[in-house]
Amino acid sequence: MDDHKIPMKKHMKINRRSFLAAGLAAAVGAAAKPAQALADGTGEAGKDETVVLATLLDLSKCIGCGACVEACREANAHRYPEPVKPFPKMYPSRVKAADWSDKRDADDRLTPYNWLYIQTASGEYDGRPFELNIPRRCLHCQNPPCANLCPWGAASKDGLGIVAINDEICLGGSKCKDVCPWHIPERQTGVGLYLKLAPSFAGNGVMYKCDRCQDRVAAGGTPACIEACPEGVQTIGPRDEILAQARKLAEETGGFLYGDTENGGTNTFYVSPVPFDVLN
């Protein structure tokens, strides 16, 4: 259970809040600000015009090979958490550690060490059986509740429409996961600023998720998952163009579009040959 949900005695609330606020204010001043990357529609960095980028995933093409998952891991391995153990004792005692460091090989769900996974869904639609492979990761919302409601400002959206979490500021309180419609971010205990501020009372770690290879994209590159895919499942480009392409693909194939309006609109569009409510 996340500590921000746990009732505590009044005097402990006040001490914890004032202590963390003072410590975090100093830390934020020293931390590097997230890069606000600028790009034009060609992916060249450093232009004056900011263009929001989006991705289209054609689920009819995904064969579930896992090349995207492996590429994501290789590209981001240097950023994965290396927790300090044993973990500080948390108060109250019902606050549990979130430790994935001994399960780094798990690739069937999102973890602090696996920011993309492939979900396989099967069933029957319109009298015919189907099986689809669905690459799952952060959808990078246009109006991301994780960034809007993070109490410390650790989550933010840049000019390219990428939603990222600053691991130098994040306290691991998990508010971002609670407000995310898909519960994307995952926490690792034993790392981050809380160890310096209040190891027994703070957020208990750092939250991790896909940042759509923010550094690579800002430098004019392509996200690792897109670059590695042998089937061309994903396409990236200016949001207006990608959305038009997604709508056209859905119309031409009799498919179904997801991400256009969900949660107020995202910068990730899925086109599926079966309705998404069938995929559950």
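Modeller: Residues are numbered from 1 along each chain as its sequence is written. In this predicted model local features need pLDDT of at least 70 and side-chain atom pairs count only at pLDDT 80 or more, while totals for chains, interfaces and linings use all residues, and side-chain values use heavy atoms, with hydrogens and water left out.

Biologist: What is the mean pLDDT of the protein?

Modeller: The mean is 86, and 82% of the residues reach 70 or more; pLDDT is the predictor's confidence in each residue, from 0 to 100. Over residues 1–48 the pLDDT is below 50. That stretch still has 84 contacts in the model beyond near neighbours in sequence, a contact being heavy atoms within 4.5 Å.

Biologist: How many helices and strands does the protein have?

Modeller: Nine helices and ten strands. Both are DSSP runs, numbered from the N terminus: helices are H or I with at least four residues, strands are E with at least two.

Biologist: Why is N76 called buried?

Modeller: Buried means under 20% relative accessible area, exposed over 50%, and partly exposed in between (1.4 Å probe, protein chains only). N76 has 4%, so N76 is buried. N76 belongs to helix α2, residues 67–76, whose buried residues also include C68, V69 and C72. Their cover includes β2 (117–125) and α7 (224–228). In the protein as a whole, buried residues make up 49% of the 280 residues.

Biologist: What lies 3.0 Å from a polar atom of the N76 side chain?

Modeller: The backbone oxygen of C72. A polar contact is a pair of N or O atoms within 3.5 Å; within protein, one must be able to donate a hydrogen and the other to accept it, and residues adjacent in sequence count only if both atoms are side-chain atoms. The distance of 3.0 Å falls within that 3.5 Å limit.

Biologist: What makes β8 and β9 edge strands?

Modeller: Four strands form an open sheet in the order β8-β1-β10-β9, with mixed pairing. β8 (234–238) and β9 (256–258) each have a single partner strand, so one side of each is left without a neighbour in the sheet.

Biologist: How do you know that β1 and β8 pair?

Modeller: Two strands pair if DSSP finds at least two bridges between them. β1 (residues 53–58) and β8 have five bridges, in the antiparallel sense, so by the rule of at least two bridges they are a pair. For A54, the bridge partner in β8 is G237.
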